[in-house]
Each structure stands twice: as C-alpha cells, then as structure tokens.
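Here is a short note to read alongside the model. Please keep the structure in view while going through the points.

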Amino acid sequence: MRIALVSPYSWSYPGGVTRHIEALAEQYLASGHDVRVLAPYDPADVTATVMHRGAAPQQLPLPDYVVPLGRTIGLNMNGAVSNLSFGPAGVARLARELQSGRYDVAHLHEPVAPMVGWVATLPFGVPLVGTFHSYSTARLPNALANTFGATQVLNRLRVRIAVSEAAAWTGQRWYGGRYRVIPNGVAIDQAALEQALDADRDDRTLRVLFVGQAVERKGLPLLLRAFEALREHVPAELTVIGPSESELAPLLLDPRGVRALGKVSDAVKHQELLAADVLVAPSLGGESFGMVLTEAFAAGTAVVASDIAGYRDVVTNGADGVLVAPGDAQSLAEALRDLYHEPERRRRLARTGAETVQRFAWEHVALEVMEAYKDAIAVPAPTGTVQTFGVHTGFIPADLKPRVRARRLESLERTPTARQSRHNLVRNVRRTLMLAFTLAVAVLAYLALQKIGVESIGNTLINSEPSYVLLGLATMCLAMVMRAFSWHAILQAALPKARITLRDALRGTMIGVLMSATLPARLGEPSRALIVARRTGRPRETLPVVLGTVVSQTVLNILALVILGAIMFSSVNFFSGHENVLLIAAGAPAALLAFVALAPVVLRYGSGTKRFARAGKALHETQRALGRVRAGLVVFRRPRLGMVATVTQLAAWALQSVSCYFLLVALGLGHRADFAAAAAVLFAVNITAVLPATPANLGVFQAACATVLATGWHIGWGTGVAYGVILQAVELVTAILMGMPALLREGMSWREVRLRALHAAPIKLPPRTGKAERLSTVDASR
C-alpha cells in the first residue's frame, strides 16, 4: 500500500506527534509498504532560531521518506509551542505531492491544525484518515476554528482516529463526527524489560526522572518545588531530560541533586528510563495521552503522574502508577516520599505497568491503524452531483453516514479535592473582583476622557519639555540604585555569613522593579528575593529571611509615606475631611506587620482557650517561617547598618520626589505646583498601588495623579492625566533600562523569573503518620 503520512509540525522540532509519525512510518516500511512523510522542515540556521523564539532546530539527518514542506514558525498553542507552516511554497508542494503521488490513502495527523491539515483535505482524490492528538476544553480557539470552517474541513475525512478518550472527547465536543480510539504506540524490547524488572536495585537513593519541554503546562516548576522538599527528607536525585542547564537553572532555588541532560537521543532517554526508580509527569493539563508514561512502562519504571484526563487513559491509579492532584506540589512530594519508603510497592507498580504496556505495542497499534486505512479505502465514492458537491465541500460527511454534530459532553475533569476547591474558589473570586474592578476603571476612564478630551491630553504631552523628562528619568534611575544600597545593608545585617555583594542587591532590585512594572499583583517582591536567595548557598533555608529583609524595606517605605503625607498635609488642605481614610490606608501595611510580629506571642499566652488552641495549631507550621521573616528585621538592632539602610531608603524616596517635580516642570507646571505637589503625587500613587489591580496599576495610577493635582493645585484634569502618563512612562522606562540588563547578566528570561516567582513558596512535608519509615542517610546524618 502506498501511504502518505501528513504532519503539520516541523520535523526539525520533534514532539509527540512527530515521534508517533516516525515510528508508524518505520513500522509500515518494515512491513513492505511504500510510505512518504509530508512534513515541514527547518534547516539549522539563524532564521529558524529567530522564528522559534531562540530555540535552535535539532540537527537530525532527514530520512529518505520525508518530503519537506518548508519552514515553520513557533506559536504558543494549548499551553505549549506548536511549530506550524504557513508558507505558500510548502503548501503548494503538499498539494502537488497529494495530486500526483498516486497514494492509496493519506493519513493526516492533527488535521485541525493550520495550514497543512486544511490543504491536505482538499479534493485530491485520495481517501483521507485523520488522527486527533490533542485534548482541549478551551471554547474560544475551537469556536474560532469552526468560524473558518473546521467542521466542513474535517467532514472530508473518511475515518477519524483519536489517540485517547480525551482526544475523542475534544473532537466530539467541538467538531462532531465518529471516532475510533487507537492509542499512541511504544517500542517494547521485551528482553530488556524483563531484565530491568528482575535487576537488583540500589534503594538507598530515589532516582527521579522528568522528560518533557520547559513549558508551564508540563509542570516542571511544580516538580522542582516538590523535589526541594523531598530532598530534605530522603536521599533523592532528579534527572531532567528536555530542558538544558541554562533553561533549568533559573527555575531552581537550589541545584543540589538535580541534573539537566537537555535534548538527548532516544537511546539515551531509554537508558535513563531504565536507570530511574520513578518517572514523574506533573503536567497541569492539556495532555491527550502521555507517550512518556508508556515509555516508562516499557522500561520497567514506576510512574507518578497528574490525575488529568489524558493520563487516566494510560495509568490506573494504585495499579500501574500513582496519580496525584494536578498543581499540588505537596501531594507530589508526599507520593514520592512514600515510594522511597515502600520499594516493594514501587516494584509492584513497575511489574503491573509492564503488563499494561503490551496494549500499546507498535505491532498492535499499526495493525489497528491499517484497518482504519482499509475502511477508508472501502468507502464508496459519492454518487450524483449533489452528493459529490456536498462531500467535496464538507457539508456531507465523506464516510456517507448520517452526520454527527458537535454536542455538549460531560466533563472529563475530576471533581476537585477540598483543598483544590478552596483554591479554585479563591482564584475565581479574585478573578471576578479583578474583572469587575478593571471594567469599572475602563468605564470611568472612558467617561473621564469624554469629559477631559483626548486632544487636551495630547497637546499637553506634545508641549512637554524633553530635557526635564530626561532629567526626571535619570533621577528615577538613581533612586532605584539608592534602594539597592539600602537593601544591601539590610541583607548584610540579616545574613552576615552569606557574603551577599552590592552587585547581588542591585541585580535583584532591578529585576524586582521590572517584574513589578510588567506583572499584576506584587510579583516583583518574591522575584528579587529569589534572585538574592540563590546567592546564599542554601536558598531554601534563607528565602524566608530574604523575604524578611523585604519586609524591613516596607517598614522604611511606611516611614517615607508618613513623611510625604506630612509634607502634603502641611502644604495644602485639599482632602476636605478625607484625611482619615488616606491615613488608614497608609497604616494598613503597618498593622499587618504588627500582626506578623505579635501573633505568635498572642497565641502563646492565649493557648488555654479552645479558640486560641485551634488558631495556634493552624499557625504552628508557619511560626518557624515567620521567625525567619522577623530575622530580616534585625537591621534595626544594628546601628550602623540600620542607619545606612534608613538614610539610603529615604534618599531614594527623596530622589523619586525630585523626579516627580522635574516632570511637573517638563509640563510647564513648575510655577503652579511646588515640591509639595510632587510629594502628594508620590504619596497617592503608592497608596493606590498597595493592591495593584493591573500591571503597574495602569489607569488607577493616572487617576490618582489627576485627582491630587486637580484637587490640591487646581490643575486641569487633562493635564493631570497627561502628567500621570508621563510619570508612569518614566517609571516603566526606568524598569526596562535597569531590569533588562540585570536579567541578561543573571542569564534569565522574563518568563523564567515569572514562573519561579509564581512557584516561590517552599513546601514542608508533614510526618508520615501511621506509616513505616526506612532510615535514610538523610535521617542518619541528623
């Protein structure tokens, strides 16, 4: 049989679909069939690296059976990077090949992916089979695909295959049609598998393996958090295949016991699977199958995976693997610790997995796919003009059976646990409040612009004095440097043995400023703490102390706000009885700090009552961390360092006030608004940024500036908004000018810092109550 296997993904950037196609092609070639793979191909050059966000293509020899279809571009889709072709030359070559290749059947993989899959379904006279590899619950991209005719495109397939029930659910939910489930295959070396199962393993160290891309969906940052906690309790090693050392390093707080191999050959990957005790697949979702799970089964390795739809099609929890709640680093660490202490259970899981994997052997899978080919070829040609036109246009299914429309289906997602339910509730409430607040800000901004007039704002910006804007920018940059000096003094007091340099404090400060300016919430604070904690040698232990030093700077910031407020209120009485509200807002952080410092004392003395006892138990695990946080406040007990920290931090605020004043002069407002106006603006924008609603508090920032200037100094609203735009632009440019070089010197990307900051909180494993423990070398050394 002459077979065309059509892939929308670049052969140079192999993923699960490419590996599936390659194995299927070689299976049929070995059986005597004539096979061609029609797939995009990126040569190893600078253009390919640029078009794929810095990822260089693998320099693999192109097999003789591959017909290259031109270059691709890397796009973020479904939580991963898809390398798709849109070039006209590649599409034209695909059309010529299908039209003149005299194929008995064309097998389209991921046929809904543009553009290769869509062109391949055009009426070239070749029976079409399509395999669906993805699992997606997202309404928007699938609805958009249907808007462009995806349902009609897919109706031209005579047979539809899904690699799992999850992939079949996706097809039925969004595009309709009939699907037969034929899983991804796996190569099984039965002799090597039996040898691996019978081998004597060294159980003194738990060897953990991760295989996957360094994308958020794969859950690698989650695994790193879990491993950091696991390593404190049992001897463990983590090997990471896929990400390089440079990609992995920014995600690590502490590299002890972690080994990054980068991209490796299939032979090396198989050797690592054989050597591992546990393969971990901590994906957060969006997986349709999980080929690495069957590869682990075929190597006699136990599996711990996320309890998500695509993985449940492969792993039976407690029988051939362990499933844990997705996104739960605590549960993942506990599951790995249990498998270390229960080596016999680990071996039992591996043996059952070796039995399960026989279902996925390529010999069986290839036969099932061949049956699909024969069924597609056996479908009779449409008869009559109406039926032929309907099949060619996709309005009549090519299998000539009654049409099955897309329909709502019961979700494949598990009912969340109590912990997940609480987390989801908090997240949804926060998102709802954020959306409501953002909409309110947008409406108010629209009404304000209608009243003020965009032309008024534009004229003010155009007529500003560039030299004073540049002077304000330079002063703002100097203020950030002074903040770094202050933080360095605080770090020296809190961690005298860590030898943290001024360069470390500068780099951390600049990166923190950049993240605060470009991300919602206050991710800049954990970002800079993580940067410095990595320099201490024991980052997991010192991170709470470093966060405590951030609290010390917050105390100094509150002092600065009090001084700014005093300057403001002594100059102009413009808040008309609302001073109390502003003072309460300014004092809220101080009240929170007082609670952090005094809560353990209150609980200790009130522990005799039932209510306090419950509260004490709930906060017992946090007291140790809070103690480390309070250790960051030790600078106030060191007169010299405390003086340096205080003076430089207040100097930074003074410089920011001067920068604000320079920008007032740049807009020609120097004769109407004095230094007190600059102090009032700085006070207002910082009070409103305590809980930022948007990245850099965009919108609220301008409203605060305009309100202060209009109410206290009778400056027009349009001019006030324009001033807010310039001030925020100066702050953003400062963040970029100083933060981006710091990121480059740190060897990190913005995305990597964001990922690590989102997963910054360390986890602590509770005792294994009611379970026997082996004495590990970690335990023995304590």
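1. Just after α12, G300 has a positive phi of about 75°. Helices here are DSSP runs of H or I with at least four residues, strands are runs of E with at least two, and both are numbered from the N terminus.

2. Some ground rules. This is a predicted model, in which local features need pLDDT of at least 70 and side-chain atom pairs count only at pLDDT 80 or more, while totals for chains, interfaces and linings use all residues. Residues are numbered from 1 along each chain as its sequence is written, and side-chain values use heavy atoms, with hydrogens and water left out.

3. Back to helix α12, residues 291-298. Of its 8 residues, 8 are buried, so the helix is largely enclosed by the rest of the structure. Buried means under 20% relative accessible area, exposed means over 50%, and partly exposed lies in between (1.4 Å probe, protein chains only). The buried residues are M291, V292, L293, T294, E295, A296, F297 and A298.

4. Now the whole chain. The protein chain holds 31 helices and 15 strands. Of its 782 residues, 51% count as buried. Among contacts with a separation of 6 or more, 73% are between residues 24 or more positions apart. Contact means heavy atoms within 4.5 Å.

5. Two strands pair if DSSP finds at least two bridges between them. Strand β2 (residues 34-39) runs parallel to β3 and is joined to it by 3 bridges. L38 stands opposite V67 in β3.

6. Another open sheet has 6 strands, also with parallel pairing, in the order β12-β11-β10-β13-β14-β15. Its edges are β12 (258-262) and β15 (322-324); each has a single partner strand, so one side of each lacks a neighbour in the sheet. On average, neighbouring strands of this sheet are turned by 20° against each other, direction ignored. Between β10 (residues 206-211) and β11 (residues 236-241), which run parallel, there are 6 bridges. V208 has L238 in β11 as its bridge partner.

7. How do helices α26 and α29 pack, and at what angle? Helix α26 (residues 639-666) meets helix α29 (residues 717-746) at about 135°, with axes 10 Å apart. That makes α26 oblique to α29. Axes are lines fitted to C-alpha atoms, for helices over the stretch in contact, and angles run from 0 to 180 degrees between N-to-C directions. Under 35 degrees counts as roughly parallel, over 145 as roughly antiparallel, 65 to 115 as roughly perpendicular, and the rest as oblique.

8. Who makes that contact? From α26 come Q656, C660, L663 and L664, and from α29 come Y723, I726, L727, V730 and E731.

9. T648 also lies in α26. T648 is buried, at 11% relative accessible area. Leaving out residues up to four places away in sequence, T648 touches M482, F485 and S486. Its C-alpha atom is 8.7 Å from that of A484, 164 residues apart along the chain.

10. Last, R528 in helix α22 (residues 524-533). R528 counts as buried, at 9% relative accessibility. Beyond neighbours within four places in sequence, R528 is in contact with W487, G508, T509, G512, V550 and Q553.
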